[in-house]
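Try each task before you read its solution.

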Amino acid sequence: MSNLTETDLHAYADGRLDDVRRVQVEAHLAHDAAATESVRVWRAQNEALRALYNPVLNEPVPQRLLAARPSRRRWPNYALAAGVMGLSFGLGWATHSYRTDRFAEAAALPHRAAVAYAVYAPEVRHPVEVGADQQDHLVKWLSKRLGNELKVPRLTQQGFELVGGRLLPGGKGPVAQFMYQDAKGQRITLYVALRDAEPRDTAFRFSQEDKVAVFYWIDGKLGYALSGEMDRASLLAVASVVYRQLNP
Amino acid sequence: MESTSITEHIPRLRRYARALAGDSHRADDLVQDTLERALAKFYLWRHGSDLRAWLFTIMHNVFINQLKARRELALDDAVLDGLQSAPQSDPFELRDLDAALRQLPVEQREVLLLVGLEQLSYAEVSKALGIPVGTVMSRLSRGRDRLRAVMSGTSTVTSLKLVK
């Protein structure tokens with residue numbers, strides 16, 4: 001077999017060849033002791049690596065990893081905003097005030113969302129003002145009150161059906177709250193608040209407000225918070241879907 | 001339901017980090033930095049693409065940056081081959097494998113682990129590390145040769161740290 005390459009041997013050792021090529025390599029190996037030995041060694045290396053490190057898979061995951069939060073690395077919009085503000089006011093001051101604003105707002109959004117969740121999620125008879133059966137009306141009404149076109153994520157695949165929504169007072173004006181419920185009656189809410197600060201974006205963040213887990217982010221003029229009385233990982237799975245549907 | 005949760009990838013990220021970084025505390029630091037960066041950049045992840053490969057890419061970038069910050073990038077092959085030391089006579093044992101991996105240049109160690117331990121395809125490794133498949137194959141080949149040499153005691157066991 002003249003066109004056998006070393007790549008073929010590696011792919012053979014790693015089980016990456018199709019049947020035809022595999023048979024060709026095997027035919028070659030039958031009379032090439034050195035290549036046969038190489039394949040044997042490489043396979044032994046793979047097996048040894050798995051034997052040595054696979055036990056890590058069964059170790060409990062340290063809490064600090066489960067509690068990891070988005071890093072404070074600057075994202076592009078932040079750099080741009082700080083740069084623009086720096087031109088007018090001096091970078092040091094601008095960065096400082098921007099951060100102060102960021103922390104204040106960052107703390108307020110998940111807290112308000114968690115309180116709103118805690119108030120309305122246990123409500124049996126009146127969890128929402130407008131039910132999902134009038135979804136078009138609900139979205140139009142809340143979009144008009146917030147002065148922004150709102151989108152309602154579909155979470156059917158995640159097991160959550162829209163219950164409906166309501167209008168709430170927020171720190172900076174009207175807030176929309178959409179409520180979802182799964183087959184077991186567990187509820188989550190998407191809290192959408194209008195911001196009066198300048199438009200910007202933030203990454204995905206997490207906050208634990210007593211028993212309520214909240215994932216939140218800011219997208220332009222709107223702040224979003226998804227709240228639920230569930231573990232972080234389960235909520236994250238839903239929040240990532242919400243995030244992507246709203247930021248296609 | 002499609003697997004979208006970063007959290008469920010943590011055990012495999014830890015396994016890879018342990019093999020890559022060695023020390024378990026340092027490995028978990030690497031995982032934590034990777035998760036923090038992934039969460040901050042989650043909006044960049046394309047729905048439907050392979051989340052695990054994306055996480056490996058982030059871990060690769062974080063790891064290389066950490067090494068650069070510590071000025072600890074492994075020396076390349078030419079320098080390694082020039083180093084002489086007494087041959088090792090220890091038999092092949094698992095506990096030696098971890099030490100042997102430290103003797104591999106980082107770029108060979110990464111490829112070797114992504115292929116052999118994580119069982120990524122060559123195309124996936126190419127994508128995760130941002131290098132052509134041909135480069136994946138040459139690093140894999142050199143990495144396997146070097147590991148074989150170290151384990152059979154025909155190569156250096158000198159601890160390699162770039163100190164300046």
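This is a predicted model: local features need pLDDT of at least 70, side-chain atom pairs count only at pLDDT 80 or more; totals for chains, interfaces and linings use all residues.

Residues are numbered from 1 along each chain as its sequence is written, while chains are lettered from A and ligands numbered from 1 in the order in which they are written.

**Exercise 1.** Find how many residues of H1(B) are buried (20 or more other C-beta atoms within 10 Å of the residue's own, with C-beta atoms placed from the backbone).

*Solution.* Start with the helix itself: H1(B) has 12 residues. Next, count the covered ones: 10 of the 12 are buried. Among them are Tyr16(B), Ala19(B) and Leu20(B). Finally, step just past the helix, where Gly22(B) has a positive phi of about 90 degrees.

**Exercise 2.** Work out how H1(B) and H2(B) are oriented to each other.

*Solution.* First locate them: H1 of chain B covers residues 10–21 and H2 of chain B residues 24–40. Their packing angle is about 130 degrees, and the axes are 8 Å apart. The two helices are therefore oblique to each other.

**Exercise 3.** Determine how many residues of chain A are in contact with chain B (C-beta atoms, placed from the backbone, within 7 Å).

*Solution.* Chain A brings 41 residues, which meet 38 residues of chain B. Then look for the main contributor on chain A's side: H3(A) gives the largest share, 10 residues.

Conventions: Axes are lines fitted to C-alpha atoms, for helices over the stretch in contact, and angles run from 0 to 180 degrees between N-to-C directions. Helices (H or I, at least four residues) and strands (E, at least two) are DSSP runs, numbered from the N terminus. Angles under 35 degrees count as roughly parallel, over 145 as roughly antiparallel, 65 to 115 as roughly perpendicular and the rest as oblique. The expected span of a helix is 1.5 Å times one less than its number of residues. Two residues are in contact if their C-beta atoms, placed from the backbone, lie within 7 Å.
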